[in-house]
Structure formats: C-alpha cells, structure tokens
Amino acid sequence: MVEKSAEEQAKEATYIDTVLVTYSVPNTELKYNLSFRVDKNMTSKKLREDACLYWGLSEVEFILKTLSNAKVHDELTIQNCFRAQEEAHFILVQKTPKNVTLMDKEISSIRPLIGKKSRIRANKTSDAAKGDGVVG
C-alpha cells in the first residue's frame, strides 16, 4: 500500500479522472454519451481521436467543445480544460467549413481548356457581352 501525505491526497482529489463526451448525430435528435477514463497527462487531442475512433468518425472533421461552447485546443491537457467548478463534459461537434462556394475567378481557372465550356470561348462571349463589338 502506498502512503501519501495529506497534501498529495488533497492535490489528487482535484484531478479529473473521468470525462463525459456527448456526440449528437447531425440532422437527428440522437445523442450518444460516452465516459472516458483519463490520466493527468492526457491531451484533448488524444481524447478527440479516441472518441472519433469509437464512433467511426473522421478526427479531422470534428472538434471538442466544453458545455460553455468553448473550443478545446489539441495541446491542452484535460486537467486544464475546465474551470474549478465546471462539469467535466465535452461535446464532439463537426467543424464548420470556412468557405464552400467558389469565387468567379476560381471557377474560370478550373474551367476546361477545350470543349463546349472552354475558357477561350467563355472569355470571347464575355467580351461580346460587354459591348466591345468583337464577336468570335
């Protein structure tokens, strides 16, 4: 049996050893809860990877948030993710994409070089539409 001083016992009592991770399936009302045992040096990145692996999700597309809706950075240890009286509970949510639409310049640069919708043909029709008098 290991004997510890009162100071060490008090310090260990404040350690988080279990966290709850909730995953809500997109476009449904289903919520899944999973509890994880964590040690004092475990990072949130490892927890996110384990949770995504458990539910079969891509760890690149999901992030962890606290109940106060704060994003959790990958380098943080679980011990530093929560306030003093905050519940040790994470929510696994899908990242929001930054930009899903293409700009006109991007569309024109990926257009094919030959064929019905080629870049050259599109440029000639746009010049004619501007009223330059050049018809190709």
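A salt bridge is a side-chain nitrogen of Lys or Arg within 4 Å of a carboxyl oxygen of Asp or Glu. I took this as my starting point for the entries below, and I note that the model is predicted.

**Entry on salt bridges**

I searched for such contacts and found 2 salt bridges in the structure.

I turned next to R48 and D74, whose side chains form a salt bridge at 3.1 Å, N to O. This pair links distant parts of the chain, for R48 belongs to helix α2 while D74 sits in the loop between β3 (62–66) and β4 (89–94), 26 residues apart. Is R48 buried or exposed? I recorded R48 as buried, because its relative accessibility is 9% and buried means under 20%. D74, in turn, is partly exposed, with a relative accessible area of 29%.

**Entry on aromatic rings**

I searched the whole structure for aromatic pairs and noted 4 of them. Y23 lies in strand β1 (residues 18–24) and W55 in helix α2, so the pair ties together parts that are 32 residues apart in sequence. I found Y23 to be buried, with a relative accessible area of 8%.

I then examined F82 and F90, whose ring centres are 4.8 Å apart with planes at 40°, so this pair is tilted. F82 is buried at a relative accessible area of 10%, and F90 is buried at 0%.

Which residues form one aromatic cluster? I listed Y23, Y54, W55 and F62 as its members.

**Entry on the surface**

Finally, I looked for nonpolar side chains on the surface. L102, I107 and I110 form a nonpolar patch there, and together they have about 280 Å² of accessible area. I located I110 in the loop between α3 (104–109) and α4 (119–130). I recorded I110 as exposed, because its relative accessible area is 60% and exposed means over 50%.

Terms used: Residues numbered from 1 in each chain as written. Predicted model: local features only at pLDDT ≥ 70, side-chain atom pairs only at ≥ 80, totals over all residues. Heavy atoms only, no water. Patch = residues over 30% accessible without salt bridge, like charges linked within 9 Å, V, L, I, M, F, W, Y side chains within 5 Å. Areas by Shrake-Rupley, 256 points an atom, 1.4 Å probe, with all protein chains shown as cover. Helix = DSSP H or I, 4+ residues; strand = E, 2+ residues; numbered from the N terminus. Buried < 20%, exposed > 50% of the residue type's maximum accessible area, 1.4 Å probe, protein only. Phe/Tyr/Trp six-rings, centres within 6.5 Å; stacked < 30°, edge-to-face > 60°.
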